[in-house]
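Morning, everyone. Let me put the model up, and then we will walk through it piece by piece.

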Amino acid sequence: MTVGIVGAGQLGRMLALAGYPLGIDFLFLDPADEPPAAQLAPHLHGSFTDRRLLRTLARRSEVVTFDWENVSVEALRALHKDVRICPPLAALAASQDRVSEKRLFERLRIPTTRWRAVDSLLQLERAVRDIGLPGVLKTRRMGYDGKGQFVLHNPAHIEAAWAAIGGAGLIYEKFQNFSREVSIVGARSPTGQTVFYPLSANVHGGGILHYSIAPFVSRVLERAAQTYLKRVMNALSYVGVLTIEFFVVKGRLIANEMAPRVHNSGHWTIEGCVTSQFENHLRAICGLPLGSTRALGHAAMINFLGKMPAPGRLLSIDGLAYHDYGKEPRPGRKVGHCTILKSRAAERNSALADALRSVQWT
Ligand code: AMP
């Protein structure tokens, strides 16, 4: 069985690492010369929209998936008659446009941030008047890891926000004074079997994930998150791993966004759960039974941004696993991560504090 993956970044690489023990082979398509996953599996080198390469990928794979949500829906749609594509393209399309995503949440009665679509300075002024301040102006498309966002605190910021990211295709949303950010990762199989990982609590800096701790234990929030995730999965006849990120505001979940793929906040599941998110994504799209999502202890995952920290001191921390994606250093780039797994939350917290002393986000 060969799984074709559009995108050969670190998520594709970790999918391949999880898939080889299951006897799965991989073929990647990516425009980069030496993307992280190409160190593990054959790589078709070219654009995500290259019809000829996409057809080759389809012909040589039993199922095609993607490791990035900004790949072209149109280009993938053209492959539909040649190969099965999972997750469904409707999920990919919804996640690519913040307005479609918000409408989906609203249709499924999933609480989300108040928002207005904005295509002009006048509409931005109107949106700020309707929704109030503070607020966040974001690009509807191609925004990830906090890119294409501007926080407005007072009316004098309107012009600056417009100058920074203004143009057609924006969304203005209420700024949430959250107590925490949490996410839920789950998987659904073609037969409708669903599994959910424990919640993870996520700490961001400048819009990019710095670290997560999991399981984040809150029965009430976990039940709500599972209900919402299942609603989206069932509405889209979803197959694969799906993630929703939430703000916790006054003890309630407010959905921020979803990702139709394995997720950075689920990396801890590699060491921290019986079956990782990567393995369950592959099991789902290959029609295999889903594996247990039971946590094996208390985990923390730290992203390495910009450049890899020296492994020596980190590896001296008991229960720490080190992941280097094989990427060139660049400011803000996700180049690796580490996961700490301990049997007690207090031990996890002190090992996390220790590890954080060796990590600099650049
Ligand atoms: P996003 O690209 O929407 O996931 O945003 C990245 C990060 O920016 C989030 O994880 C939050 O930390 C912050 N953020 C985005 N939107 C809002 C909002 N409406 N209110 C408060 N913080 C936000």
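In which sense do strand β4 and β5 pair, and over how many bridges? They pair in the parallel sense, over 2 bridges. Pairing here requires at least two bridges found by DSSP between the strands. Strands are DSSP runs of E with at least two residues, helices are runs of H or I with at least four, and numbering starts from the N terminus.

Before going on, the ground rules. This is a predicted model, local features need pLDDT of at least 70, side-chain atom pairs count only at pLDDT 80 or more, and totals for chains, interfaces and linings use all residues. Residues are numbered from 1 along each chain as its sequence is written, and side-chain values use heavy atoms, with hydrogens and water left out.

Back to the sheet. β4 covers residues 63-66. Val64 stands opposite Ile85 in β5. The open sheet has 5 strands, in the order β3-β2-β1-β4-β5, with parallel pairing. Its edge strands are β3 (43-45) and β5 (84-85), each pairing on one side only.

The peptide bond from Cys86 to Pro87 is cis, with omega near -5 degrees. Pro87 sits in the loop between β5 and α4 (89-96). There is also a cis bond from Leu133 to Pro134, with omega near -5 degrees. Pro134 is in the loop between α6 (121-131) and β7. Then Ser237: not a glycine, yet with a positive phi of about 45 degrees. Its loop runs between α8 (219-235) and β14 (240-249). For context, most residues other than glycine have a negative phi, and most peptide bonds are trans.

Now the ligand. Which residues come nearest? Of the 16 around it, Lys138, Gln149, Gln176, Glu181 and Glu257 do. Near means a heavy atom of the residue within 4 Å.

- The side chain of Gln149 has an N or O atom 2.9 Å from a ligand oxygen.
- Gln176 uses a backbone N or O atom, 2.8 Å from a ligand nitrogen.
- Glu181 puts a polar side-chain atom 2.6 Å from a ligand oxygen.

On its own, the ligand has 480 Å² of accessible area (Shrake-Rupley, 1.4 Å probe), and the protein covers 93% of that. At least two shell residues come from each of β7 (135-139), β9 (170-174) and β15 (252-259). By class, the shell has 4 nonpolar, 6 polar and 6 charged residues. Nonpolar means Ala, Val, Leu, Ile, Met, Phe, Trp, Tyr, Cys and Pro; charged means Asp, Glu, Lys and Arg; the others, Gly among them, are polar.

Next, the second largest pocket. Its volume is about 150 Å³. A pocket is an open set of points on a 1 Å grid over the protein atoms alone, with protein on both sides within 12 Å along at least five of seven lines, and lining residues have an atom within 4 Å of a point. α1 (10-19) and α10 (277-285) each supply at least two lining residues. α1 gives the most, with 3. The lining splits into 8 nonpolar, 3 polar and 1 charged.

Last stop, the cavity. A cavity is a set of grid points where a 1.4 Å probe fits but cannot get out. The whole structure has 1 of 30 Å³ or more. Strand β10 (residues 180-188) gives the most to the lining of the largest cavity, with 3 residues. That lining has 5 nonpolar, 4 polar and no charged residues.

Note on methods: A polar contact is a pair of N or O atoms within 3.5 Å; within protein, one must be able to donate a hydrogen and the other to accept it, and residues adjacent in sequence count only if both atoms are side-chain atoms. Grid points are joined across faces, edges and corners, and a volume is the space filled by probe spheres set on the points.
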